[in-house]
Structures are given as C-alpha cells and as structure tokens.
Amino acid sequence: METVKDLKIPFEREDRCPILLEKCLYLPSHYQGDKHLGHGIWKEAFVKEQPLAVEFCSGNGQWIANVAKSAPHLNWIAVEKDFYRARKVWLRLQRESISNLFVVCGEALSFSQLYLPDHCIEDAWVNFPDPWPKRIHAKHRLIQSPFADELRRVLKPSSTITLVTDDERYSGQMIDVFASWKSSFDPFRFVTELEGYGTSYFHSLWSEKKCTIHFHRFYNA
Ligand SMILES: C[S@@+](CC[C@H](N)C(=O)[O-])C[C@H]1O[C@@H](n2cnc3c(N)ncnc32)[C@H](O)[C@@H]1O
C-alpha cells in the first residue's frame, strides 16, 4: 500500500530556479544562484525609473504597501521569505494597483547578493525582523555582520538603513553590528518613536501591549 511518503516533490533540488512573474521575483530557498536571471532584473517591473527603497522581512506587507502609496517618488521592493506572506503583499499591490511596489519571495541576504547591484538603494528598512530570543537560536538572526557588509555594498553613499525591533537584546546586537557606521542618534543610537513611521502588523501588536519599540537609523557615511 502506498503511503504519503511515496508522494514526492516532482522535481529535483538542482532543477529549482528563480522565476520572474508579474511584479514578483520568486527565489527558491537555499538557492545557490547558478540559474541567475541577472542583477537588477526587477527594474523592468517598475513603471518609472526612480530611486529605490527596500524593506527586508516585510511579513504581510502592511507597512510597505502604505508607505509605497504615500511615497510614490520611490520604487519599493518588499523582501519576504515566507511564500504565503509574500503572496499577501503581491495580492495587495495587485488589488490596489500599487505600481511602485515589487515583491521578492526569497531570503533577504541571498536576494541582495544575487539581485542587487552596487549602490542601488536610497533607503533600506528592516521592520521587526524575527528576534530569535533563545541564545541557541540567535545564529538565525538576520542582523549580523554579513548582512551589514552586504548593505554597505548596495546602499548609496549617505543613504540610510532603519532597523526596528521590540526586542531589547536584538536592539543591542543591531547597535553592535552597525557600530562602525555613523549613527544619526548618537549617543544612544536609537529612539523609541519615529515621526511618520506608519505601522506594520507587529508594530500594532507590540504597541497595543505597550512594549518599547526601538528604532535605529544608520547612515552609510
Ligand atoms: C516578525 S515578522 C515581521 C513582519 C513585518 N515586518 C511586520 O513588522 O509586521 C518577521 C518576518 O520576516 C521574515 N523573515 C525572517 N527572516 C527572513 C530573511 N532572512 N529573509 C526574508 N524574510 C525573512 C519572516 O518570514 C517574517 O514574515
């Protein structure tokens, strides 16, 4: 008798490849980049050529969809590794015709390494990246040196990266990782409110619970 384990994914790991759909780039997880679509492939999906802003770890896209509508002078890319959440962002941009928004369903560091040319981003954001609070899981945090080094490569000179978290220890790690960057918020290097920030799903969640939110902005000086 056949069991559920007999039903196999109908393609081999090495056959997986990135796909560009309408306003969406899909990157398979743990993808090594041997079937590359080309740096800046996302450019052709935007109606206008204009400065680029990227949000990494977009979740369901509440923050970026609103911000893209209120900042139409920028092109926005939402990067989210979870397929179902990325699909929500995509649905919203289709339903609301947000022409300056593009979705990447893929891992943040891999997307950047494979698809972002040098010095192409005006403004980068990471809103509530998973904090992985247990020490044993901290190695999974996105905000570590490889990601910061990669941001240095893709950010334009004098552009900014804004990192937002409710997790105090992760906030400390963010400050340590970006310690060599010039900060706008010396000497504390963070503030607990940022005017005009908007709201994300996790921002609403933690604000309702009266948690302290840490905002950090670093300049690529
Ligand atoms: C805590 S949620 C925050 C979502 C959203 N930014 C918000 O504020 O509501 C973190 C999101 O980051 C995504 N994520 C975590 N690590 C990622 C990575 N390395 N690359 C892309 N997305 C990632 C998760 O799938 C999850 O949807």
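What follows is a set of questions about labels and the values behind them.

Mentor: This is a predicted model, where local features need pLDDT of at least 70, side-chain atom pairs count only at pLDDT 80 or more, and totals for chains, interfaces and linings use all residues. Residues are numbered from 1 along each chain as its sequence is written, and side-chain values use heavy atoms, with hydrogens and water left out.

Trainee: Why is the pair of Phe56 and Phe147 called edge-to-face?

Mentor: Rings of Phe, Tyr and Trp (its six-membered ring) pair if their centres lie within 6.5 Å; planes under 30 degrees apart count as stacked, over 60 as edge-to-face and the rest as tilted. The centres of Phe56 and Phe147 are 5.2 Å apart and their planes are at 90°, so the pair is edge-to-face.

Trainee: Why does Phe56 count as buried?

Mentor: Buried means under 20% relative accessible area, exposed over 50%, partly exposed in between (1.4 Å probe, protein chains only). Phe56 has 0% relative accessibility, so Phe56 counts as buried. Phe147, at 2%, also counts as buried.

Trainee: What makes Arg141 a charge over the ring of Tyr170?

Mentor: The rule asks for NZ of Lys or CZ of Arg within 6 Å of the ring centre and within 35 degrees of the ring normal. Arg141 lies over the face of Tyr170, at 4.9 Å from the ring centre.

Trainee: Why is Asn100 called buried?

Mentor: Its relative accessibility is 7%, so Asn100 counts as buried. Asn100 touches residues including Lys23, Phe46 and Trp76, where contact means heavy atoms within 4.5 Å.

Note on methods
Lists of a residue's contacts leave out its neighbours within four places in sequence.
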